[in-house]
Structure formats: structure tokens, C-alpha cells
Amino acid sequence: MNGKQRAALRSMASTLDPIFQIGKGNITENQIQGIDDALEKRELIKISVLRSSEIDADEALAFLAEALKATPVCAIGNKIVLYRRSESDKVKHIEF
């Protein structure tokens, strides 16, 4: 993914609300499964990393990107953004 594509995704994500929170218990298998399902349906998601979490936003972004084979878009403050193209034909794909 090049810089222009990443910037376009970051711009699209600016209007999104976080749909998951990573808190004191850190990242659980259930959260990973939920985030995986959300990526399949939405392609682009925003996640909040709470202050009570033992990991910071950059660590969460790197871990989730690797675990879900997703593209890390950005980590700004306590928010992270992930992108993964959906395999489903029922999803309207994000075009660059």
C-alpha cells in the first residue's frame, strides 16, 4: 500500500466511530474474532485503546495487523485504524 492509499484510508476513517475497545484485559481471542468479522463486513475499522490497557496503541496496531493479516493504517492518540479487503462479493469494496 502506498502513501496516497494510506492517506485516503486515514481520511475515510476520520468520520468513523470506534467499534471495539481494548482495555485492562488487553486483546482476547473473542475480540480478535469480533474484529476479524467486522473487517470482513466493513473493510475499514477504528478501535479505541483505553488508558487502562497494558499495551499502547502502536503495540495494539502491530499485534492486530499481524494476527488478522490486515493493513495497519494509523495509530493516533488512543485510536487505531485497520484495513483488510473483504473476500465477500456482498461487501461494497473500498476503491482507491
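**Confidence and fold**

Me: What is the mean pLDDT of the protein?
Reply: The model is predicted, and 99% of its residues reach a pLDDT of 70 or more. The mean pLDDT of the protein is 93.

Me: In which element is confidence highest?
Reply: Confidence is lowest in α1, at a mean of 93. At the other end, with a mean of 98, is strand β4.

Me: In what order do the four strands stand in the sheet?
Reply: The sheet is open and its pairing is mixed. The strands at its edges are β1 and β3, each with a single partner strand, so one side of each is left without a neighbour in the sheet. Neighbouring strands are turned by 25° against each other on average, direction ignored. The order is β1-β2-β4-β3.

Me: How many bridges join β3 to β4?
Reply: Strands β3 (residues 71–76) and β4 (residues 79–83) form a hairpin with two residues between them.

Me: Are β1 and β2 paired in the parallel or antiparallel sense?
Reply: Three bridges link β1 and β2. In one of them, I22 has V49 of β2 as its partner. The sense of the pairing is parallel.

Me: What angle does the direction of α3 make with that of β4?
Reply: Helix α1 lies across β2, β3 and β4, running at about 55° to β3. Helix α3 packs on the sheet and touches β1, β2, β3 and β4. The angle between the directions of α3 and β4 is about 20°.

Me: Which element supplies the largest share of the largest nonpolar core?
Reply: That core has 18 residues, and those with the most contacts inside it are I35, I47, L64, L68, I80 and L82. At least two residues each come from α2, β2, α3 and β4. The largest share is six residues, and it comes from α3.

Me: Which residues does I35 contact, leaving aside its neighbours within four places in sequence?
Reply: I35 is among the residues with the most contacts inside the largest nonpolar core. Its contacts beyond those sequence neighbours are F20, I45, I47, L64, L68 and L82.

Me: How many residues are in the second, separate core?
Reply: This core includes L44, V73, Y83 and I94. Its number of residues is eight.

**Single residues**

Me: How far apart in space are A57 and V81, C-alpha to C-alpha?
Reply: In sequence, A57 and V81 are 24 residues apart. In space, the C-alpha separation is 9.8 Å.

Me: With which side chain does the side chain of S48 make a polar contact?
Reply: S48 is in strand β2 and counts as buried at 6% relative accessibility. Not counting residues up to four places away in sequence, S48 touches P18, F20, Q21, I22, N78 and K79. The polar contact is at 3.5 Å, and the partner is K79.

Me: What is the relative accessible area of E43?
Reply: E43 lies in the loop between α2 and β2. Its phi is positive, about 70°, although E43 is not a glycine. E43 is buried, with a relative accessible area of 0%.

Me: Is K69 buried or exposed?
Reply: K69 is found in the loop between α3 and β3. Phi of K69 is near 50°, a positive value in a residue other than glycine. At 72% relative accessibility, over the 50% limit, K69 counts as exposed.

Me: What separates the C-alpha atoms of A8 and T28?
Reply: A8 lies in helix α1 and is partly exposed, with a relative accessible area of 28%. Along the chain, A8 and T28 are 20 residues apart. Their C-alpha atoms are separated by 30 Å.

Technical notes:
Residues are numbered from 1 along each chain as its sequence is written. This is a predicted model: local features need pLDDT of at least 70, side-chain atom pairs count only at pLDDT 80 or more; totals for chains, interfaces and linings use all residues. Side-chain values use heavy atoms; hydrogens and water are left out. Buried means under 20% relative accessible area, exposed over 50%, partly exposed in between (1.4 Å probe, protein chains only). pLDDT is the predictor's confidence in each residue, from 0 to 100. Two strands pair if DSSP finds at least two bridges between them. A nonpolar core is a set of buried Ala, Val, Leu, Ile, Met, Phe, Trp, Tyr and Cys residues joined through side-chain atoms within 4.5 Å. Contact means heavy atoms within 4.5 Å. A polar contact is a pair of N or O atoms within 3.5 Å; within protein, one must be able to donate a hydrogen and the other to accept it, and residues adjacent in sequence count only if both atoms are side-chain atoms. Axes are lines fitted to C-alpha atoms, for helices over the stretch in contact, and angles run from 0 to 180 degrees between N-to-C directions.
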